[in-house]
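Please look at the sequence and the model shown here, and follow the account from its domains to its strands and helices.

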Amino acid sequence: MGLTESQLEALCEMVLGLVSAEEAEISADSSETLVLRSANNDLTTNAFNHTVSVSLSVSFGKRSASILLNQTDDTSLREAVKKVEAMARLAPEDPEALPPVEPGSYAEPLTWAEATAEMTPGDALSRLRPVIEAARAAGVESAGYLLRTVSRSAFANSRGVLVPSHDTRLGFSLTARTGEGRGSGWASTQVTDTTDLDLLPVGERAITKALASRNAQARPAGRTTVVLEAAAARDLLSLLAWGLDRRDFDEGRNFLNGLVPEGGDPIGQPLFGEKATVFSDPRYAPAPCGVHSSGLPMNRTTWIEDGVLKTLPVGRFWAQKKGISPQPGPGNLIMPGEGKSLDELIATVEDGVLVTRFWYLRMVQPQTLLYTGLTRDGTFAIRNGKIAGPVNNYRFNESPVNVLRNLAASGAPERVLGSESQMPMHVPALVVKDFNLSSVSDAS
Amino acid sequence: MHRRDWLKGTTAAGMALLSSRWTVAADRAAMLSEKFPDFASSVLAKARELGASFADLHLMQLDEESLFVREEMVQGVGASSSQGGSVRVLVDGAWGFAATSEISAPGLLALVDAAVAMAKGQAGWRQLPVEIESLPSHTGTWHQPVESDPFAVSLEEKVEGLLAVNRAALGKGASYCHSHFSAVRERKWLANSFGTQVEQSRIRIHPGFNITVVDPKKGEFATRASLRPPRGAGWEHISEWDAAAESALAVEQAREKMAAPPVVPGRYDLVIAPSNLWLTVHETVGHPTELDRALGYEANFAGTSFCTPDKLDSLRYGSEIVNLFADRSAEGGLSTVRWDDDGVETSGKEFPIVKDGIFRNFQMALGQAAIIGHKGGSNGCAYADSFDAFPIQRMPNISLQPGTDAAVTAESLIAGVENGIFIEGNGSWSIDQQRYNFQFTGQAFHRIRNGKLDGMFRDVAYQGNSVDFWNACDGLGGAPSYELGGAMNCGKGQPQQVAPVSHGAVPARFRQINVLNTAAESGKSVAVRNRAREEGAWCCTQRSTHSWA
């Protein structure tokens, strides 16, 4: 089921042929989604869904409008074109409107794997079953989520751009909880290619952590050194990346405005610690992403290198106004890290806390990029370079800017899931000094 | 109008108002209404043939409009429409579910095969069978009455409205102002093997703005967002709002906030306006009392709950004056429907969650009540946010009830505070996965000294434990001070589903709540921290008030 890339390309061309507006941009997507969800060691709300979507924007000069629909029959598409053109004609002129992008040079994406695309619900069930059986055998209650998506898409515009894309992805996470002692553990993975995927080790990590986190001891809040496992690190790194914006900075309403003097430029400034390097690369094989953003080619981009801010995302209008090149935001994020094992990182900490993952991260203060959130599913005290035992959870109030400033050491990058987005990321565990654990959470 | 009369009132006028300006959407909806009985008959028959002990068919059409204005530039004129269907089956004690955007007899019948295969794939390794209660059958239609269909209001009027907001803000000296509007029309058709076959539609609308003032010399800025909540209502929710006046006031408040003294962290008496408190109700009462969370169904994402079934009828959730009531029938409520997505009629299913301070009820969907020995079955809290989403337990409208004295206002609550803060508007929010430890900010923080407002504070957040917080409540506004807040996008489930929900509240007073200085939390404002230490307040703000249990 679903539409092939060539069918999607033909659909885009057909719709562009219906458009009488001066300019148009269309994106068509066809997806197959397989969901296996479990709780209390049984499957709960599974699903196998097929969907399509068509997004069309048109403009008459500087008047524009957009429409999104999920039907591809001739009548629906014609009515959608008629509707969006009527809306565009009525829309006031936007002085910042630009025509669609010109054709560019697009890299070949690495986001597709046949094995993932061919995975059936039965295949997925058989891979999940050993995980649930392992949880039962260990006497823990598990709750898991497997999401496999296969999407094909095409993007085209009235300037001659026509780019097909495809993406296969599987994400899996498991929470294991103990009846006695309020233990909880979590582990996850995300892959493009499921050929060698074995979910059992992921489940076993969660189960082991749950058992190890029973009978947590009280430990007070306060600023301390933390070892953030990759899932926690990726949340903070993605929040930092999304906070970077050239226009917001130029307009005086970005956290960077508080870091440089009036009239100064943050690019080239050592705003972070020397160990901080973060980049995006659509063709980075361990965590690839799409190769264009609305027709604008996406290439390898270094955001931070050795602590120095190198690049800010900038939209097309603002780039033109400032005489600089437009820069799409990140489609993936990579932090190479220092390659140390988790045990080696823990060994560097005299007194601190190991964090498995975060939960409910929210911006508290945009002026400093201060975020709040909580630890969950495996929080452990570190004493004299070793795990000293499970401790209570915490609320933190901390800025990812400080995290990269206070970065003391890092591990080897991993592709895991986070709480905030499922954007492909390959990031290591981090050792961060002076991290603000603001208060104790009674959650377990 | 009494809420039940309003909920049952399917008027000709209501129907007429739902005609769409996008003809294909209206035409398709009419087509679905016409064909639904045949679709339902064949899908349910096939499900029975394949061994389903229960099955339902959902069709859904979602039409949306949105508008975004940056300063005086109209930058986002958008519309969307989606249709699709899903089949849910219970076979041999296991759920199966499949969905498609292709609504045709063959397409829907193919879903039955896929859903049954998914359920049968669990044969032999389930631990416990899924069991559901029998539900009464219902037939009929319900279309939410609105005074003015937002989809019928001209684009010009909508654009002019937002431009007026932004011009008022910019005229008052705002550096920037963004405003937005969105409207959603949700149509659903549901048939199940209990004999239910219903059709309903509703409308929700969300206006808003966010203004920014910048001090480039200090590298500082402050924002103030609109306090106007989304509502299950028509265009009248916008036409009744003096948005330009609020945006001008917002500029003054943002400027005052930027120049205000930083709050000294410590314990303060708080008077919280409904525009802030609705979200606190949502996070500290709404989510903890979802039975699926308490039973572990959300453990991998949204979390579990401190509020476990053994605490029913015994947990002192709040002080004796605290009453929190749940319904899916309140006029204007974002969660209001006539039938939930399991086919339960919501009218008559209203229930107290907290009565006189005691925890009394969970929110439940199909198949959950018996697990805790509750004999009444589901209380109508199922919802699926799209045609391809499995219905799960979602929040009804949950509201803090007014105090007994109708004459009590925010001002009279403030009069009873010596040293405190009056908080308006919701800002940042976060709470742990078992709903103990929360932290909220707001839009405006007015200092209270000796019973009167006295300027503003900046950098305020309040933090606490849900049960301690509600037990610290010692004052409630009267019925005239009741306001309905809410959100369009409450998140839950995997894949995440977003649900609209309203929460009514009155101004309420809470004694000795832990207040943080957010700048100090970021490590920026050392001066504030030192000052707090001198006053003996800092250390006690950094500890949970609860012992480890």
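The paragraphs below treat the domains, the contact of the chains, a helix pair and a sheet.

This is a predicted model, in which local features need pLDDT of at least 70 and side-chain atom pairs count only at pLDDT 80 or more, while totals for chains, interfaces and linings use all residues. Residues are numbered from 1 along each chain as its sequence is written, and chains are lettered from A and ligands numbered from 1 in the order in which they are written.

Chain B consists of domain 1 (3-259) and domain 2 (266-541); such bounds come from an automatic or database domain assignment. The centres of these two domains of chain B, taken over C-alpha atoms, are 23 Å apart. Between them, 45 residues of domain 1 of chain B are in contact with 40 residues of domain 2 of chain B, where contact requires that the C-beta atoms of two residues, placed from the backbone, lie within 7 Å. Several elements each supply at least two residues of the side of domain 1 of chain B that touches domain 2 of chain B, among them β1 (52-70), β2 (73-91) and α7 (243-259) of chain B. Helices (H or I, at least four residues) and strands (E, at least two) are DSSP runs, numbered from the N terminus. β2(B) gives the most to this side of domain 1 of chain B, with six residues. By class, this side has 20 nonpolar, 13 polar and twelve charged residues; Ala, Val, Leu, Ile, Met, Phe, Trp, Tyr, Cys and Pro count as nonpolar, Asp, Glu, Lys and Arg as charged, and the others, Gly among them, as polar.

Chain A is likewise assigned two parts, domain 1 (5-211) and domain 2 (216-444). Their centres, taken over C-alpha atoms, are separated by 25 Å. Here 30 residues from domain 1 of chain A meet 27 residues from domain 2 of chain A.

The two chains also touch each other, with 78 residues from chain B and 85 residues from chain A taking part. On the side of chain B that touches chain A, β2(B) provides the largest share, eleven residues. That side of chain B divides into 35 nonpolar, 34 polar and nine charged residues. β2(B) is joined by four bridges to strand β4 (residues 63-69) of chain A, and the two run parallel; strands pair if DSSP finds at least two bridges between them. In this pairing, A:L69 stands opposite B:S81.

Within chain A, helix α4 (residues 121-138) and helix α5 (residues 200-212) pack at an angle of about 25°, with their axes 9 Å apart. Axes are lines fitted to C-alpha atoms, for helices over the stretch in contact, and angles run from 0 to 180 degrees between N-to-C directions. α4(A) and α5(A) are therefore roughly parallel to each other, a term for angles under 35 degrees. The residues that meet include A:P130 and A:V131 in α4(A) and A:L200 and A:I207 in α5(A). The contact of α4(A) with α5(A) has eight nonpolar, one polar and one charged residues.

Chain B also holds an open sheet of four strands in the order β11-β10-β9-β14, with antiparallel pairing. Its edge strands, β11 (358-359) and β14 (397-400) of chain B, each pair on one side only. Strand β9 (residues 324-327) of chain B and β14(B) run antiparallel and are joined by four bridges, and B:F325 stands opposite B:S399 in β14(B). Helix α8 (residues 274-286) of chain B packs on the sheet, touching β9, β10 (351-355) and β14 of chain B, and its direction makes about 115° with that of β14(B).

Key. Parallel < 35°, antiparallel > 145°, perpendicular 65-115°, else oblique.
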